[in-house]
Amino acid sequence: MGEMGKAMGLLISGTLVYYHCAYRNATLLSLFADVFIVLLCSLAILGLLFRQLNVSVPVDPLEWQISQDTASNIVARLANTVGAAEGVLRVAATGHDKRLFVKVVICLYFLSALGRLISGVTVAYAGLCLFCLSMLCQNSQSLGNCVLKRGNAEILEQEANSDK
């Protein structure tokens, strides 16, 4: 799936989560429970349908497992992210880096003021929309650069032919 497909998938998923949490006033735990209920019912219906139609399923979902390397990689990335955030906050809290301390205080003050004005779900959804928009812009810029390079090459070729 290309960058545009990832951005659109994230935007659609984020919109559904935002609708569930903001407009239905439901919790994130309720969303996960709803998703698991829908998946469980869908798999049960598909299983019954396949059994009724005598269709063999190539892979048994009960045998699906992730490898030890994948699990270790997921935990290592999470630990690195939490560790980096903790390190930045520790350095800022000790006051050794005054510029970092000021940046952290300004960011926390801005987030506190924003949290008083807008719900956290709305802020998260706006951040997701901006992230998806940046992914789409990067994708369109790479397409634009490709078109511009091709256009510049054609112009240079035409100028070379007119000089002859």
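Which residues in α3 meet which residues in α4? Before selecting them, note that this is a predicted model, in which local features need pLDDT of at least 70, side-chain atom pairs count only at pLDDT 80 or more, and totals for chains, interfaces and linings use all residues. Residues are numbered from 1 along each chain as its sequence is written, and side-chain values use heavy atoms, with hydrogens and water left out.

Start with the whole protein chain, which has 5 helices and 0 strands (DSSP runs numbered from the N terminus, H or I of at least four residues for helices and E of at least two for strands). Of its 164 residues, 8% count as buried, where buried means under 20% relative accessible area, exposed over 50% and partly exposed in between, with a 1.4 Å probe and protein chains only.

Next, select residues 68-94, helix α3, together with residues 98-117, helix α4, whose axes come within 8 Å and cross at roughly 110°. That makes α3 roughly perpendicular to α4, a term that covers angles of 65 to 115 degrees between N-to-C directions, on a scale from 0 to 180 degrees, of lines fitted to C-alpha atoms over the stretch in contact.

Now show the side chains of V88, L89, V91 and A92 in α3, which meet L100, F101 and V104 in α4 (contact means heavy atoms within 4.5 Å). The residues of this contact divide into 7 nonpolar, no polar and no charged, with Ala, Val, Leu and Phe among the types counted as nonpolar.

Finally, select A93, also placed in helix α3, which is exposed, with a relative accessible area of 65%. From A93 to V105 the C-alpha to C-alpha distance is 9.7 Å, with the two residues 12 apart in sequence.

How values were computed:
Angles under 35 degrees count as roughly parallel, over 145 as roughly antiparallel, 65 to 115 as roughly perpendicular and the rest as oblique.
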